Amino acid sequence: MKQALIVIDVQESFRQRPFWDETEYPAFVTQLQGLIDSARAKDIPVLQVFHKSPSDDASNPFSLASGQVKTLAELRISPTAVFHKTVHSSLFAVDANGATLHDWLRENGVEGVIVSGIRTEQCCETTSRHASDAGFKVVFPTDATLTFAMQSPSGKHYSPAEIRDHTELVLNGRFARIARAADALAG
C-alpha cells in the first residue's frame, strides 16, 4: 500500500497565539522530525499543509501578509508538495496550481495517509475523519501531533494529554489506527 505523510499547520503562526505553550513542543518536534526523516528514507511522500487566512491583514498571524505562514524554525522538512487551506480538513488544501491534496493523493496512487501536525483535535482529527471517509487508510501517530490546554464553555479545563486521549478514543478503530511516531510507517 502506497502511503503519504501529511504534516499539517506546523507553522510559525501558532507562536503568535496567546495559548501557545512550549512545554510539549520539544518532544513533538523530536517525534515529528523522526517521522519525516523515516518517511524520506522509505521514499514516502511528505506533504506539507499550511493554514492561511483569506485576510491580507498583516496583524493576523495566519495571513500570508504576516510572514508567519512558514515552517516552525526547529523543523527540517523538504516537502514533496506544499498545500494551503482555509478550512480544517487538509484534503481541501490546494497547491499553487489549484489542485487539492485529495486529488494529489489519488493521482499519485496513495492509499494510506499518516496524519501529523498541529492541532491534535482540530485539523489533524478533522483531516483523519475526512480521509477515512474518502477511503484512505489512516494512521494517527498522536505523539507527532501537538495541542494546547483548552477550557470548555462550562469552565472545565482540559490538558493537552486529556485532549489527545479523547482524540485517540474517538478515532481508534473507526477512522484511524492509533500509533506512536516510531511505529507509524509499519504495516
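Me: Is Glu 125 buried or exposed, and what is its relative accessible area?
Reply: In this predicted model, Glu 125 belongs to helix α3, which covers residues 120–133. Since buried means under 20% relative accessible area, Glu 125 counts as buried, its relative accessible area being 10%.

Me: With which side chain does the side chain of Glu 125 make a polar contact?
Reply: Leaving aside residues up to four places away in sequence, Glu 125 touches Thr 120, Phe 140, Thr 167, Val 170 and Leu 171. A polar contact of 3.0 Å joins the side chain of Glu 125 to the side chain of Thr 167.

Me: How many residues apart in sequence are the parts that Glu 24 and Arg 164 tie together?
Reply: The side chains of Glu 24 and Arg 164 form a salt bridge, with 2.6 Å from N to O. Glu 24 sits in the loop between β1 (3–8) and α1 (25–41), whereas Arg 164 sits in helix α4 (residues 160–171), so the parts tied together by this pair are separated in sequence by 140 residues.

Me: Which residues are linked with Arg 15 in a network of salt bridges?
Reply: Arg 15 is partly exposed at 23% relative accessibility, and Glu 22 is partly exposed with a relative accessible area of 39%. These two form a salt bridge in which the closest N and O atoms are 3.0 Å apart. The network of salt bridges links Arg 15 with Glu 12, Glu 22 and Glu 74.

Conventions:
Residues are numbered from 1 along each chain as its sequence is written. This is a predicted model: local features need pLDDT of at least 70, side-chain atom pairs count only at pLDDT 80 or more; totals for chains, interfaces and linings use all residues. Side-chain values use heavy atoms; hydrogens and water are left out. Helices (H or I, at least four residues) and strands (E, at least two) are DSSP runs, numbered from the N terminus. Buried means under 20% relative accessible area, exposed over 50%, partly exposed in between (1.4 Å probe, protein chains only). A polar contact is a pair of N or O atoms within 3.5 Å; within protein, one must be able to donate a hydrogen and the other to accept it, and residues adjacent in sequence count only if both atoms are side-chain atoms. Contact means heavy atoms within 4.5 Å. A salt bridge is a side-chain nitrogen of Lys or Arg within 4 Å of a carboxyl oxygen of Asp or Glu.
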